[in-house]
Amino acid sequence: MSCDIYNYKCSDKGLILPLTNEYTWTIGFRAFIYIVGLLYSFMGVSIIADIFMQAIETITSRTAKIKMPDASNDTGYTEVEVKTWNGTVSNLTLMALGSSAPEILLSIIEIVGNGFQSGALGPSTIVGSAAFNLMCITGVCVLSIPEGLNRRIKHVKVFAVTSIFSVFAYVWLAIILLVITPDFIDLWEAIVTLLLFPIMVILAYIADKDYCGKKPIDDESKFLDTEEENLLDGDHADKHVIIEILRRLKKQDASPDEMARLTSHLMEQNQSHGRGWYRINAIRNLSGGTKLTTPMTEKTSELLETLLIEDQMGSTASFTSLSDGGAKSIVEFAAPSTAVFEKDGHARITVMRHGNLKRRVLFRVETIDGTAVEGEDYISYKETLVFEPNETEKHIDLQIIDDNIWEPDEVFFGRITIESDQQATAVVGRRAITQIVILNDDDPGVIEFEHPSFLFKESVGTALVPVTRIDGADGKVSVKWRTKDMTAIHGRDYENTEGTLTFDHGERAKFIEIQINDDKEFEKDENFEINLSETTGGAKLGKLKRTVVTIVNDDEFTGLVSRITNLTNANLDALRLQKQTWGQQFVEAMNVNGGDLETATTFDYVMHFLTFGWKLIFACVPPATIWGGWFCFVVALIMIGILTAFIGDLAAIFGCLIGLDDSVVAITFVALGTSLPDLFASRTAALNEKYADTAIGNVTGSNGVNVFLGLGLPWSMAAIYWAARGTTFEVPAGSLGFSVVVFTICSLLTIFFLLIRRNVGIFGKAELGGPKVPKILSGVYFIVVWILYVLLVSLNVYEYIPGF
């Protein structure tokens, strides 16, 4: 009996593979090799897709200068730099191609490799990937939003157009596969499928520009074009921001490197990013590459927490924008702190509303214990209040209990929260918490400095050093103060060496005024101390009766600001998508976390080791800075095509070895492998962006593009080929037709439920997030719909469920 060593199980399934004779290999070993190769290829295609997206970002971010009429300018116009690509068009064309290139190229390569005959892997991968993107990714994004927060889709009309087309795309497939010409695709059907792609782009553009509707006068979209299409000056450090950070963190022990890292983090966080940015960052997080966000050290995180606490307690400077260009109402306390005498019996706090005043806003105010205890020192307050349209202030009287017993000053807090169904239209301001101080009115009080040290620039002119009166404010009291030279000398570096501060009845704060002399010469930091003594009116001195004042030389301070500015710019340059040279690409490819070892994690090291080979190979791709990104675009697309050919062979042979049909392999292994970067990108976008558009708004458009390009293009090629031979392109409907019908039903269930979430209060009237229980139920629902799709299609493939 003879045997053919060149004809063995699954040896004919691949276009390129197997590369060597596997006749003597066991089935189990071969299956193991092919699944490892498939997973490793998914890593590779993700990394080259990262580079491909860089090219697309470069192409779509090109700008042009236009002249806007400006009567205040001598020239009569102002030059404004705007993006040449419309955001919606770029999302539905190059961006969609960037995220779906492996699926689209797999479909094309499979048909060409099969001699222009239809295969199961390409079309099933496109449908399976669409199902995972729409249902599973949406479910994960819903669950990822923190409790009580939500995200709404902003560009509803664009989302409506792409949703309609994404559903229609699969309805159209079902019609041509099962109704018009069952099991065949005529040339006109293939061409119509392809032409639906530009039609969808044009209609989405019309919806984006709102050419068919009249914008409301107060619609925030009138600010949108300028805000989104003008280039934001967010890639250079702002010295005013750095000075403000230094001022607010002057008591923190932080190096210039840490300050620069914090500044670049704040500037990066204040920028809105597109889906391409999030996809690239997700891939780099998974592969141990250079992150597009500033890595935070433990010390930097502490500094950031300090800033956030100051923001919440009502700092006058802030680094975030809350009102979304005036579209939302901002509700906050009018003051961060209120003091009241115990004998007054009540404390009045004021809640103010600004931003959008045209809506009715519900908010809740409640009190929280500090050193003052509910029921003993004050009466608890927990009420839901309403701002009617155009109402800007509300006064709340909190009842104070006067027990006629001397006690030190005590504090409690008031807190504002927005009702969950109002979060799409209102937001809590930076003074979300106010402090209420109950002053003991039976004691003259204790006088002391507010802090043990103070820092002033030499050019400040007059230094105001605060002195506070605590634990009572009864009667008129005074305290004497005197300076003591240290490295600073009175008469040369500062004036006013002694004096008396007088507090009238009820006054709690005063300032010592000291004239600082600026000699306009470079000097090191100098300091002197101030001491309190000799109180009158029964007041006592507190623990902080001595403070040190440091005079910072302006030249040294300016130098520090310049050093931090340069370091911040270096950090921001490292976050740029495009690298200038091949050399920089190889340096990043060969170093874990792009060379930032300080913040590299164990996961970064492991993934860098696993993907090192791919990174080194793809570092040969031209940088996106050459020829406006087009050179990189073409080379990366070729690389993706080559790698996709291997993925198709690996998936087909693996499925054959373990007895899985190509359709099942496509909707599971291949669809998940190509869509995982999108999952992590969407989840991050859902957490970081103000709206849901970047997270899930582009999914529907991408699904439509997959059909119109991923099937329309190869089917048109095959239909032309077979038409030239006088016959018709054969596409057996089989499991593909069943899969398309099931997906269409599941997608309608998903989109319909998203509409319910947007309009029903129990879900927070938003597509993502909302109250805890409805959020969890919604997320589980979307994921279960996806599992149901995979299960039904798999049962149909193996003929447990009849087809159509």
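Trainee: Is Glu526 buried or exposed in this structure?

Mentor: In this predicted model, Glu526 counts as buried because its relative accessible area is 10%, and buried means under 20%.

Trainee: Which residue forms a salt bridge with Glu526?

Mentor: The general idea comes first. Side chains of opposite charge can pair when their charged atoms come close. Here the partner of Glu526 is Arg492, and the closest N and O atoms of the pair are 3.3 Å apart. Glu526 belongs to strand β20, whereas Arg492 sits in the loop between β17 (477–485) and β18 (498–503), so the pair ties together parts that are 34 residues apart in sequence. Arg492 is partly exposed, at 45% relative accessibility. A network of salt bridges links Arg492, Asp493 and Glu526.

Trainee: How many salt bridges does the count give?

Mentor: The count comes to twelve salt bridges. Among them is the pair of Arg758 and Glu767, with the closest N and O atoms 2.9 Å apart. Arg758 is buried, with a relative accessible area of 14%, and Glu767 is buried as well, with a value of 3%. Another salt bridge joins the side chains of Glu391 and Lys394, at 3.0 Å from N to O. Glu391 counts as partly exposed at 22% relative accessibility, and Lys394 is partly exposed at 21%.

Trainee: I turn next to the backbone. Which residues other than glycine have a positive phi here?

Mentor: Most residues other than glycine have a negative phi, and most peptide bonds are trans. Against that background, Glu534 has a positive phi, near 50°. Glu534 is part of strand β20 (residues 526–536), and it is exposed, with a relative accessible area of 53%. Lys765 also has a positive phi near 50°. Its place is the loop between α18 (734–759) and β24 (768–769), where Lys765 is partly exposed, with a relative accessible area of 37%.

Trainee: Is the peptide bond from Leu17 to Pro18 cis or trans?

Mentor: The bond from Leu17 to Pro18 is cis, and its omega is near -5°. Pro18 lies in the segment before α1.

Trainee: How should I read the empty space inside the model?

Mentor: Rolling a probe the size of a water molecule over the atoms shows where empty space is left. In this structure there are five cavities of 30 Å³ or more. The largest cavity has a volume of about 300 Å³.

Trainee: Which residues lie nearest the centre of the largest cavity?

Mentor: The lining of the largest cavity comprises 15 residues, and those nearest its centre are Asp50, Ile51, Gln54, Arg284 and Glu588. At least two lining residues come from each of α1 (27–60), α9 (275–287), α12 (582–590) and α13 (602–618). Helix α1 gives the most, with four residues.

Trainee: The last feature is the surface. Which residues form the nonpolar patch?

Mentor: The nonpolar patch on the surface is formed by Phe168, Val171, Ile175, Val179, Ile180 and Trp188, which together have about 500 Å² of accessible area. Helix α4 (residues 156–180) gives the most to the patch, with five residues.

Trainee: Where does Ile180 lie, and what is its relative accessibility?

Mentor: Ile180 lies in helix α4. At 39% relative accessibility, Ile180 counts as partly exposed.

Conventions. Residues are numbered from 1 along each chain as its sequence is written. This is a predicted model: local features need pLDDT of at least 70, side-chain atom pairs count only at pLDDT 80 or more; totals for chains, interfaces and linings use all residues. Side-chain values use heavy atoms; hydrogens and water are left out. On a 1 Å grid over the protein atoms alone, a cavity is a set of points where a 1.4 Å probe fits but cannot get out, and a pocket is an open set with protein on both sides within 12 Å along at least five of seven lines; lining residues have an atom within 4 Å of a point. Grid points are joined across faces, edges and corners, and a volume is the space filled by probe spheres set on the points. Patches are made of residues with over 30% relative accessible area and no salt bridge: like charges are joined within 9 Å, nonpolar side chains (Val, Leu, Ile, Met, Phe, Trp, Tyr) within 5 Å. Accessible areas come from the Shrake-Rupley method with a 1.4 Å probe; for residues, only the protein chains shown count as cover. A salt bridge is a side-chain nitrogen of Lys or Arg within 4 Å of a carboxyl oxygen of Asp or Glu. Buried means under 20% relative accessible area, exposed over 50%, partly exposed in between (1.4 Å probe, protein chains only).
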